[in-house]
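Open the model in your viewer and keep the selection tool at hand. This tour goes stop by stop: what to pick, then what is there.

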Amino acid sequence: MNAKYRKTIYACFLGYIVQAIVNNFVPLLFLTFERTYHIPLSRITMLITVNFGIQLLVDFLSAGFVDKIGYRASIIIAHVFSAAGLLGLAVLPGLLPDAYAGLLASVTVYAIGGGLIEVLISPIMESCPTEHKEKAMSLLHSFYCWGHVGVVLLSTLFFQVFGIDNWKILTCIWVAVPAVNGFLFARTPIAPLVDEGERGMSMPELCRNKVFWVLMLLMVCAGASEQSVSQWASTFAEKGLGVSKAAGDLAGPMAFAVLMGSARAFYGKFGDRMDLDKFMIGSGLLCIASYLCISLSPSPVFSLAGCAVCGLSVGIMWPGSFSKAAASVRNGGTAMFALLALAGDLGCSGGPTLVGYVSGIMSDNLKAGILAGIAFPVLLVAGIILLRSFKKNSETGAVHG
């Protein structure tokens, strides 16, 4: 690791912890919102959709402005929005006549920050002079999982000690994380993503590349496979399986996050000895099995075990897709990373929304909703196989990007 960029890498790690807070704190409060503000679960589903929908929009727009204002200014803005949105959660529902409008406004603000973080952190990390980029990328993304674990564990402990009614105080505590990391990024060196004298590919150039579209499919399925279970794990455990909130949060989303982080850290340590394609295909098949276990098992214990195994199975999907993109599409630049983040967030939004929609039409049966989500890991495995065929054809001169 280049000593000059050590602080940059650490700030990137912390950036994904901020992303974990943005995406995973509010789902722990879904039933609290339902009870406190009398908001039905069908409307609470919209908080997930809006969060990832706004992130998706930011992903798309960022391809046009990040290079103009620079990576440093963009990443600082991302952390400012993340902090402001989290603070709004504690303040706006009580200030506005409609508490739901306050929640929605807060989610919108921190989603802007989350979207920018998703676009920026991976290319900032990719630009740092490190060996074995795939390992570094997987290790980076493991910090999203450790952030997820920290959010669930610390939040659960806080609720147990101080009570769920004091959730606003905890929200204000979480605000400190993006505030501190924004300051760190203001002082760390950031290397250029594209070598001097070269330029990143434009959107039209990317859209003419067959490999790029397969990578987009992988990102959609990676985001959907992960979040379809992650976003609903707490509610599923507490409402669908009838366990307590503390037990549900620890056995559901936290076990999911621990195993997802373990998979990423494992590849971050040993990835140079493995075939990434085979690792991702095996993970996809394990994901399919976990979805079947969650949705079809009559035992709450096995269903919760399926949630945990799902975390293990999806660990490599997102960072693996980013790594394959960086290796397969040279000089993809900001546009490529922004569009890949867009595709991932499309999956993050669409997956949980599909689960919630199917559950709703099946009389709030979350098992039925999660069973519908099995389409995403199936498509991911198909996409990796297709990408391998493109690679083989390219090596023989049959495919010209």
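**Stop 1**

Select aspartate 277. With a relative accessibility of 8%, aspartate 277 counts as buried, because the limit for buried is under 20%. The model is predicted, so keep the confidence colours on for later. Aspartate 277 sits in helix 13, which covers residues 276–296.

Now show the surroundings. Setting aside residues up to four places away in sequence, aspartate 277 touches Lys324, Ile384 and Arg388. Which residue's side chain meets that of aspartate 277 in a salt bridge at 3.4 Å, N to O? Arginine 388 does. Aspartate 277 is in helix 13 and arginine 388 is in helix 18, so this pair ties together parts that are 111 residues apart in sequence.

**Stop 2**

Aspartate 275 lies in the loop between helix 12 and helix 13, and arginine 388 in helix 18 (residues 375–395), so the pair ties together parts 113 residues apart in sequence.

Is aspartate 275 buried or partly exposed? It is partly exposed, with a relative accessible area of 37%.

Asp275, Asp277, Lys324 and Arg388 are linked in a network of salt bridges. Side chains of opposite charge can pair when their charged atoms come close.

**Stop 3: another salt bridge**

How many salt bridges does the structure hold? The count is 4. One of them joins the side chains of arginine 264 and glutamate 226, at 3.4 Å from N to O. This pair links distant parts of the chain. Arginine 264 is in helix 12 (residues 245–270), glutamate 226 is in helix 10 (residues 210–230), and 38 residues separate them.

**Stop 4: serine 295**

Go back to helix 13 and select serine 295, which is placed in that helix. At 8% relative accessibility, serine 295 counts as buried. Its side chain reaches the backbone oxygen of tyrosine 291, at 2.7 Å. Draw that distance first.

Then look further along the chain. Leaving aside neighbours within four places in sequence, serine 295 is in contact with Lys367 and Leu371. Next, pick asparagine 365 and display C-alpha atoms. Serine 295 and asparagine 365 are 70 residues apart in sequence, and their C-alpha atoms are 9.7 Å apart in space.

**Stop 5: a nonpolar patch**

Select Leu57, Phe60, Leu61, Phe65, Ile69, Ile77 and Phe81 together. These residues make a nonpolar surface patch of about 580 Å². Helix 3 (41–69) and helix 4 (71–95) are the elements that give two or more residues to the patch. Which helix gives the most? Helix 3 does, with 5 residues.

Zoom in on phenylalanine 60, which has its place in helix 3. At 43% relative accessibility, phenylalanine 60 counts as partly exposed.

**Stop 6**

Move to histidine 38. This residue is in the loop between helix 2 (30–37) and helix 3. Phi of histidine 38 is near 55°, a positive value in a residue other than glycine. At 67% relative accessibility, histidine 38 counts as exposed.

**Stop 7: alanine 105**

Select alanine 105, found in helix 5 (residues 99–127). Alanine 105 is partly exposed, with a relative accessible area of 30%.

**Last stop: confidence**

Colour the whole chain by pLDDT. The mean for the chain is 85, and 92% of residues reach 70 or more. Which elements of the chain have the lowest and the highest mean pLDDT? Helix 11 (residues 233–240) has the lowest, at 68. Helix 8 (residues 176–185) has the highest, at 95.

Note on methods. Residues are numbered from 1 along each chain as its sequence is written. This is a predicted model: local features need pLDDT of at least 70, side-chain atom pairs count only at pLDDT 80 or more; totals for chains, interfaces and linings use all residues. Side-chain values use heavy atoms; hydrogens and water are left out. pLDDT is the predictor's confidence in each residue, from 0 to 100. Helices (H or I, at least four residues) and strands (E, at least two) are DSSP runs, numbered from the N terminus. Patches are made of residues with over 30% relative accessible area and no salt bridge: like charges are joined within 9 Å, nonpolar side chains (Val, Leu, Ile, Met, Phe, Trp, Tyr) within 5 Å. Accessible areas come from the Shrake-Rupley method with a 1.4 Å probe; for residues, only the protein chains shown count as cover. Buried means under 20% relative accessible area, exposed over 50%, partly exposed in between (1.4 Å probe, protein chains only). Contact means heavy atoms within 4.5 Å. A polar contact is a pair of N or O atoms within 3.5 Å; within protein, one must be able to donate a hydrogen and the other to accept it, and residues adjacent in sequence count only if both atoms are side-chain atoms.
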